[in-house]
Amino acid sequence: MIPAAFAYERAGSVEEAIALLGRDEDAKLLAGGHSLIPALRLRIARPSALVDIGRLDDLRYVRDDGDRIAIGALTHHDALVRDPVLAARCGLLAHAAELVGDPQVRHRGTIGGSLAHADPASDLGAVALALDAELVARGPEGERAIPVAEFFTGPFTSSLGPQEILTEIRVPAVERGVYLKYQRSARDWATVGVAAADVGGRVQVALASMGATPLRATAVEEALAGGASAADAAALAAEGTDPQTDVSASSEYRAHLARVLARRALEQL
Amino acid sequence: MTSVAITVNGQLRDAEVEPRQLLVYFLRETLGLKGTNVGCDTSSCGACTVLMDGVSVKSCTVLAAQADGSAVTTIEALAEDGDLHVVQQAFHEHHALQCGYCTPGFVMATVSLLQENPNPSEGEIRQALEGNLCRCTGYHNIVRAVEAAARAGG
Amino acid sequence: MSILGNRVLRKEDPRFLRGEATYVENLTLEGALTITFVRSLLAHARIVGVDTSAAEALPDVQVFTGADIDISTGPPPIPVLEQRMRRPVVATDVVRFVGDIVAVVVSLDRATGVDAAELVSVEYDPLPVAVTTVDAAKDEVLLYPEIGTNVAGRAGRTDHDPRLFDGCDVVVRDTLVSQRLAGCPLEVRSAAAQLGADGRITAWLSTQVPHRDHFGISMTLGLDPAQLRVIAPDVGGGFGAKSAFGAEEAIVVWLARHLGKPVRWTETRSESMIALPHGRGQRLELALGGKSDGTILAYRMDILQDAGAYPGVTAFLPNLTALLASGVYAIPRIEVDGVSVVTNTAPLTTIRGAGRPEAAQAIERMVDLFAAEIGMDPVEVRRKNFIAKEAFPYQTASGATYDSADYEAALELALRAVGYEELRAEQQRRRDEGSTRELGIGISSYTEITNPLGEEEYGEVEITADGGAIVHTGSFSHGQGHETTFAMIASERLGLPIEQITVVKGDTDDVPKGTGTFGSKSTQIGGMAARGAADEVVERAKVLVGDYLEASAADVVLDVGLGRFHVAGTPQPSLSWVELAERTAADGRLDELKAQHEFQAPPTFPFGVHIAVVDVDVETGKVDLERLVAVDDAGTLINPLIAEGQVHGGVFTGVAQALYEEFVYDDDGNPLTGSFVGYAFPSTADLPGWEVIEMETPTPANALGVKGIGESGTIGATPAVWNAVLDALAPYGVRHVDMPCNGENVWRALQEAKA
């Protein structure tokens, strides 16, 4: 379908984008557009204006900062897949990026756009959560680092203020990480996704499509920390979750998948 | 309205576009390049696939305004001096098209794939083309065509 | 050296490869207005009022309602069906499905049309809904209160013979659902129309049936058919979904006439998913009885067909299912009862297979259940009950007369190709190891009916001034390659290379009559019509050659290999087609080298065996299709390359039904799978390659020996995959899984079996 009409501005810098967002409270940011434009075409999203930050090339990078990797928010999924630094230091994220959409989507979609969209089914959202990533945002009040645990606040809702822009995502260097995605078909969203990572000696597990936001499987983590086997810990994967019943799956099946995939992810870790 | 200057098939095109105009409609309706098709409205089917700055993108999920300053290649530009491109020729030889509606999208996606991975396995081909849907061929001959194009130096 | 039987590359390919195809949306139509439909968001409601004022306040926007466009589509073409459930093209009093048209917006451009459509305000008084066939069959919520029932058609007999299963040691029963599917042609519907200065309307339609549309739209609009020209240009797939015009196309033509301006419409995919007619939608209660030695004695089917909100030909589908009830087996006693009911859902139609996939799904599942019950290998049970090769033509107990087949040979080919024994060994190995990845092997042996209506097709061949030929056909290829296949057929008769033969189709001004393309009939009637016309042109050429060579026409022969005419026994002097064309043109007699031929033949029955190999993850339930071996015998293969492509595409659809796709409505009749995101249309990454094996048992029905192959792949594949899933799950006590056999449905079946 054709989107409802909107005004369009191209921002030459992050500061300019912040200012443009400030002028119109119904304006939205446009990065790769692969979350926003589908919503525009179905007229689910009806912003009055789009602020295009797609040309801010200085927000595309992957930088090895020692025990952390810093990733520019506008880095394309495809670049994450191919980046040698990421492959070496946080392969989990590179692997998950390869499961996002299809090649055409990965050529345009960005990690910042994906995370800011806050889809509870987001692969990168679950991985970021498992990694305890830090999301750097810049707004009219300056820059702040948001722990990912505070970032997703509801379905398609993040804690970003109306004029805030994600500029960088920081993830720990992680040697062991697994992301398993169950889909009805290869091009489908995650029916359920499970990310597991050894972050500084602690196994952390996060789930996609098991609630209103990506969720940490805290019951699993605590069981593991208490010495439980992978199988016993994974049996708790659905605790504290609230999976939907929709055309892709029932909530019972999602809970079952979470348990199975959690066990497999922990075994593969 | 917003101004764009997009290089399409090697030619610089200037235009005023409505911000909401999708790149695929800019190509089809403003420039009259009707080889690129619209097959869905959820960025699923890939019939609209073109190359933008050298890589495959779904032109239904790009605003014309976003393409300002970019170089876009459509199916119409593939054949050189009338001769079919290696990928087009392979699709022909392997009967990889029936109704033809998904074909330009598959061909452009294949061109992009072979640029990034000149020697893909069958599994890699099938993964790489999951963003393109076909209802007629059952995909079998498309995969064979891509393999043949790769062998021919696609 | 005949060209027939060769893998000839398609003549039509270049324009599609180069992006120069002529789909309706690509048409340049100066000054055309855009049409946008306003559609109901409720499944069943009274329309209280339609407020178009806000929409019409937009510049150059007009809105039409049912009061303005007061026409209804015609009755279904089959007299035994309920004739009164007609569809007003724009709903006036009541909407009956989500997607029913309530208003029509005309604007200068598409974007304004969408903006305006949003502003049309419709006030509804919601009514109770009957969404499922089971509910609708109760006749509590009526879609047509004045008719008093939701029944739109019946098939078979309603009384049950209590002695049907006498003599059976075993009777197995199950209820199967052949779930609703969406056709999903990659090109959605598109239409354009223009009133010419001469008062004739030209309509460009994305259709499979230009002549049927021509007749039907003329009738619907009360037009003299001579005043309408229908042109079907390149069409991006149909699969049965475009085998009848809809309310939309009628409205487009009506507006062209009413406004006196060109108009055009292209639906969105989301619109197409909910409003382009769907397929399947059959619920079958089945019972199969036989002896412990594997002999099948009796079979009963109770069919409940979903006919959607506006029934049309759909209500007839159970009749086709009933006709094919026996499958490939010599079952002595068959009883079928079928009823079609309207529901508050989108209309359904004859999607690829049209009633025959359901028949194959039913009998093949029941044969496997029977085999399991008596502890016999499903291969052996099939062999024991096959109609013998010598028995053809064979009349089945459900009234079909099969022409020719060799089921045993097809089975042998398939078993060998798949490596049946090794697979059974691998299956056992995994079971012994307690693997959570179970192997399943599923067999389907099927037959089906092509050219089911025994139609007559039109063909014309004319020689051109430059000595080439044009074939005009009433068939309408929308991916099936007739521009190549029919050229090959004509080439073989005329002795002209296919490069010099052009196939023309789709324009009712150019081809006077035709039945279009559906039902896998085109090569066997359209190809034969072209062949007959070519033969007649050769006969006329002989008369002319006789004149020029001063011989009797009876003594003139055509050397097909050289493409030259001469007197029998005397190779020189001779005339080529070029020379003959030149001379006859010079003499003003070129138009004598033109002939028409109409060819009619009864239905034919292709058959085959498909074997599917699946890997089932019994923890998640996910099914991966590892292999699909397809032996499909559709008689003589004119172009094996194209025939194979038809099988590939057919198999894809069959597998998609078995494992992935279902069109779903919620309890209120809201479509939940109304886009390519919700609807699980599989991609390249979900499927293996297909192993297609050729087999040709010619039919006596026509001189070429051809049957139809377009739907065989679909019909054979679904039961093979379904049976494979059940085969994998047999050790777990599972005897039923709902299609699509996706992870959830398999998991549920496993849970139920444990309980």
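This report describes the chains, domains and contacts of a predicted model.

## The three chains

| Chain | Helices and strands | Box of C-alpha atoms |
|---|---|---|
| Chain A | eleven helices and 14 strands | roughly 55 × 45 × 35 Å |
| Chain B | five helices and five strands | roughly 45 × 30 × 25 Å |

Chain A comprises eleven helices and 14 strands. Its radius of gyration is 18 Å, close to the 18 Å that the globule rule gives for 269 residues, so chain A is as compact as a globular protein of that length. For the 154 residues of chain B, a compact globule would have a radius of gyration near 15 Å, and the value of 15 Å for chain B agrees.

## Chain B: order of elements and domains

Read along the sequence, the elements of chain B follow the pattern β-β-α-β-β-β-α-α-α-α. The chain is divided into domain 1, residues 2-75, and domain 2, residues 86-151. The centres of these two domains of chain B, taken over C-alpha atoms, are separated by 21 Å.

Where the two domains meet, 15 residues of domain 1 of chain B are in contact with twelve residues of domain 2 of chain B. On the domain 1 side, the elements that give two or more residues are β3 (49-52) and β4 (55-58) of chain B. Of these, β3(B) gives the most, with three residues. By class, this side of domain 1 of chain B has seven nonpolar, eight polar and no charged residues.

## A helix pair in chain B

Two packed helices are described by the angle between their axes and the distance between the axes. In chain B, the axes of helix α3 (residues 103-116) and helix α5 (residues 140-151) come within 11 Å and cross at roughly 40 degrees. The helices α3(B) and α5(B) are therefore oblique to each other. The crossing of α3(B) past α5(B) is right-handed.

From α3(B), the contact is made by B:F106, B:T110 and B:L114. From α5(B), the residues are B:I142, B:V146, B:A149 and B:A150. By class, the contact of α3(B) with α5(B) has six nonpolar residues, one polar residue and no charged residues.

## Contact of chain A with chain B

Between chain A and chain B, 25 residues of chain A are in contact with 23 residues of chain B. Four elements of chain A each supply at least two residues of the side that touches chain B, namely β1 (7-10), α2 (36-41), β3 (49-52) and α6 (103-108). The most comes from α6(A), with five residues. By class, the side of chain A that touches chain B has 14 nonpolar, six polar and five charged residues.

## Contact of chain C with chain B

Chain B also meets chain C, in a contact that takes 43 residues from chain C and 44 residues from chain B. On the side of chain C that touches chain B, α1 (13-17), α7 (269-275) and α16 (640-659) of chain C each supply at least two residues. The largest share of this side, seven residues, comes from α16(C). The residues of the side of chain C that touches chain B divide into 21 nonpolar, 15 polar and seven charged.

## Domains of chain C

The domain assignment of chain C gives domain 1 (31-127), domain 2 (278-394 + 405-451 + 603-754) and domain 3 (456-600). The centres of domain 1 of chain C and domain 2 of chain C, taken over C-alpha atoms, are separated by 39 Å. The contact takes 14 residues from domain 1 of chain C and 16 residues from domain 2 of chain C. On the side of domain 1 of chain C that touches domain 2 of chain C, the residues divide into eight nonpolar, two polar and four charged.

Terms used. Residues are numbered from 1 along each chain as its sequence is written. Chains are lettered from A and ligands numbered from 1 in the order in which they are written. This is a predicted model: local features need pLDDT of at least 70, side-chain atom pairs count only at pLDDT 80 or more; totals for chains, interfaces and linings use all residues. Domain bounds come from an automatic or database domain assignment. Two residues are in contact if their C-beta atoms, placed from the backbone, lie within 7 Å. Ala, Val, Leu, Ile, Met, Phe, Trp, Tyr, Cys and Pro count as nonpolar, Asp, Glu, Lys and Arg as charged, and the others, Gly among them, as polar. Axes are lines fitted to C-alpha atoms, for helices over the stretch in contact, and angles run from 0 to 180 degrees between N-to-C directions. Angles under 35 degrees count as roughly parallel, over 145 as roughly antiparallel, 65 to 115 as roughly perpendicular and the rest as oblique. A crossing is left-handed if the near helix is turned anticlockwise from the far one by less than a right angle, and right-handed if clockwise. The radius of gyration is taken over C-alpha atoms; the globule rule is 2.2 Å times the number of residues to the power 0.38.
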